[in-house]
Amino acid sequence: MIVDCHVHSLGVEKVDAILKGMDKAGIDRAVIFSPYPSPYMGREERIIPKTMAGVTRHLEFSYPNVTSEKQREAVEFIAGIQREAPDRVIGFIWLEPRLKDAVQILEWAVTSKELKGVKMIPDHWYPYDEFMYPIYRKAEELNIPILFHSGILYGFKDSSRFCRPVNYEVLLSFPNLRFALAHVSWPWVDECIALWGRFRAALEEIEGERKEVQMFIDATPGTPLIYRKDALQKVMAFGAEDYIMFGTDCTAGRLEYGKYHVERDLAILRQVIGVPKDTVDKFLGRNALRFLGLK
Ligand SMILES: [Zn+2]
């Protein structure tokens, strides 16, 4: 079972092309984010250059003039795709948390539209800002995971400072919230792994039932190839092999490129680092299913 935990939609894709790409790449299930609800939503050519394996795309998102209507439209789009292929597509809302009714929209997206999680990119807001707390509480209540961008951000102007891994330490206050940091937070890989260690330590401080660390690591590049072996090896050596997840950052219409991501990571894990097959299976799919609450 291969699960791609990190796929973008632009609001233009058709389910047939998505599934065809997944089949070519050997990807069984894909977490696909709704488009960001910018005024440019649905215009493929405007936003993202073509996906190439191993190349970090440039984004042009995050506008102050996002509206609740656009946000709902974005949810409807990905919910429609998910409805057509519920066994393959796992729809996430890419939420603009600065919307006044962000919490209500989130609840609607999950309870009425059956989306399975949230994606967010901090941009001129910090994950520890207090206005975020109601969103975290709602996600806990709905039992859905949040996948955050973390790491340097090409294309958002001066945004990288909002995306440092330690900014997410505040989530210790929301112990029932499962979350993941994308891109192994490159270039702050060590900081990302240290933060995971912080959450592992927190687990030991909490009394009660929970045995799972609430933080997962999304291995989507991010990491330029020369850093990748190092990053994955450190994650494994630090004991996070049950919490690292495969992802591509492909756009949903070009998931066939996922094939190269699978091949590259298999080669690094099996031939370069030399982890057992069981570890590869966790990385490629089983960890993501736990993150998603599907297993
Ligand atoms: Zn992404």
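Biologist: Is Cys250 buried or exposed?
Modeller: Cys250 counts as buried, because its relative accessibility is 0%. Buried means under 20% relative accessible area, exposed over 50%, and partly exposed in between, with a 1.4 Å probe and protein chains only.

Biologist: What kind of model is this, and how are residues numbered?
Modeller: This is a predicted model, with residues numbered from 1 along each chain as its sequence is written. Local features need pLDDT of at least 70 and side-chain atom pairs pLDDT 80 or more, totals for chains, interfaces and linings use all residues, and side-chain values use heavy atoms, without hydrogens and water.

Biologist: Where does Cys250 lie?
Modeller: In strand 9. Strands (E, at least two residues) and helices (H or I, at least four) are DSSP runs, numbered from the N terminus.

Biologist: How far is Cys250 from Val15?
Modeller: Cys250 and Val15 are 235 residues apart in sequence, and their C-alpha atoms are 15 Å apart in space.

Biologist: Now the metal. Which residues coordinate the zinc ion?
Modeller: His6 (NE2), His8 (NE2) and Asp249 (OD) coordinate the zinc ion, at 2.1 to 2.3 Å. Donors are N, O and S atoms within 2.8 Å of the metal (3.2 Å for Na, K and Ca), and sites may look incomplete, since water is not among the atoms.

Biologist: What spacing do the donors follow along the chain?
Modeller: The spacing is H-x1-H-x240-D. His8 in strand 1 (residues 3–8) and Asp249, in the loop between strand 8 (244–245) and strand 9 (250–251), link distant parts of the chain, 241 residues apart.

Biologist: His8 and Asp249, buried or exposed?
Modeller: His8 counts as buried because its relative accessibility is 2%. Asp249 is at 13%, so Asp249 counts as buried too.

Biologist: Helices next. At what angle do helix 8 and helix 9 cross?
Modeller: The axes of helix 8 (residues 258–273) and helix 9 (residues 277–291) cross at roughly 150° and come within 10 Å. Helix 8 and helix 9 are therefore roughly antiparallel to each other.

Biologist: Which residues make the contact?
Modeller: Helix 8 brings Asp265, Leu266, Leu269 and Arg270, and helix 9 brings Lys277, Val280, Phe283 and Leu284. They divide into 5 nonpolar, no polar and 3 charged. Contact means heavy atoms within 4.5 Å.

Biologist: And how do helix 6 and helix 7 cross?
Modeller: Helix 6 (residues 189–205) and helix 7 (residues 225–237) have axes that come within 10 Å and cross at roughly 15°. That makes helix 6 roughly parallel to helix 7. Angles under 35 degrees count as roughly parallel, over 145 as roughly antiparallel, 65 to 115 as roughly perpendicular and the rest as oblique.

Biologist: Who meets whom there?
Modeller: Val189, Asp190 and Ile193 in helix 6 meet Ala231, Lys234 and Val235 in helix 7.

Biologist: What does Val213 touch?
Modeller: Leaving aside neighbours within four places in sequence, Val213 is in contact with Trp196, Phe199, Arg200, Leu203 and Tyr243. Val213 is in the loop between helix 6 and strand 7 (215–218), and counts as buried because its relative accessibility is 4%.

Biologist: Last one: what is phi of His124?
Modeller: Near 60°, a positive value in a residue other than glycine. His124 counts as partly exposed because its relative accessibility is 42%.

Key
Axes fitted to C-alpha atoms, helices over the stretch in contact; angles between N-to-C directions. Nonpolar A, V, L, I, M, F, W, Y, C, P; charged D, E, K, R; others polar.
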